[in-house]
Amino acid sequence: MENHNLNDTKGMPFFRGEVIFGNPVDLYPRFDRGFRELTDYVAWVRIPRDYEHEGDYILIHGHTPTFHYQTNSPSEIWKGYKRINIDCGAGYDGDFNEEYRLACLRLDDLKVFYSTP
């Protein structure tokens with residue numbers, strides 16, 4: 001999957017990915033802010049929008065809501081270069097209930113599903 005743009009998934013013969021919750025470990029040296037444990041870093045630092053990994057796979061992650069990367073309302077799954085962020089803010093409450101929702105990404109064909117109010 002060399003230089004594959006995820007906005008064009010046609011012709012993908014297979015899905016090869018890495019699914020993580022927080023942050024990729026390879027970013028630790030770049031964002032180490034004195035965390036006592038690697039697990040603290042992985043859980044609490046947000047993945048920057050411009051992050052590009054060098055692996056030959058699609059990185060699927062959450063923890064950083066997609067409103068950090070785009071202004072779509074309601075929130076939508078965000079696709080970047082070899083990355084997909086599926087966190088559409090469903091865990092947020094209060095005044096933003098109509099903007100945030102639960103998202104699901106089917107891995108065999110990358111079809112997207114969203115919760116409805």
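Reply: What follows goes through a predicted model, one topic at a time.

Me: Which residues make up the largest nonpolar core?

Reply: That core has 10 residues: Ile20, Leu27, Tyr41, Val45, Ile47, Tyr51, Tyr57, Leu59, Tyr69 and Trp78. Apart from it lies another core, of eight residues, including Ile84, Ala103, Leu105 and Leu110.

Me: OK, strands. How do strand 5 and strand 6 pair?

Reply: They are antiparallel, with four bridges between residues 103-106 and residues 111-114.

Me: Switching to Arg101. Where is it?

Reply: In the loop between strand 4 (83-85) and strand 5.

Me: Buried or exposed, and what is the nearest side chain of opposite charge?

Reply: Arg101 is buried and has no salt bridge. The nearest side chain of opposite charge is Glu76, 4.4 Å away, and the cut-off for a salt bridge is 4 Å.

Me: What does the Arg101 side chain reach, then?

Reply: The backbone oxygen of Ser75, at 2.7 Å. Among the residues Arg101 touches, leaving out those up to four places away in sequence, are Pro74, Cys88, Gly89 and Tyr114.

Me: Last one, Thr116. Why does it count as exposed?

Reply: Because its relative accessible area is 68%, and exposed means over 50%. Thr116 is in the segment after strand 6. Its C-alpha is 8.4 Å from that of Leu102, 14 residues apart in sequence.

Note on methods. Residues numbered from 1 in each chain as written. Predicted model: local features only at pLDDT ≥ 70, side-chain atom pairs only at ≥ 80, totals over all residues. Heavy atoms only, no water. Core = buried A, V, L, I, M, F, W, Y, C linked by side-chain atoms within 4.5 Å. Buried < 20%, exposed > 50% of the residue type's maximum accessible area, 1.4 Å probe, protein only. Pairing = 2+ DSSP bridges. Helix = DSSP H or I, 4+ residues; strand = E, 2+ residues; numbered from the N terminus. Lys, Arg positive; Asp, Glu negative; His and termini not counted. Polar contact = N/O pair within 3.5 Å; in protein donor to acceptor, adjacent residues only side chain to side chain. Contact = heavy atoms within 4.5 Å.
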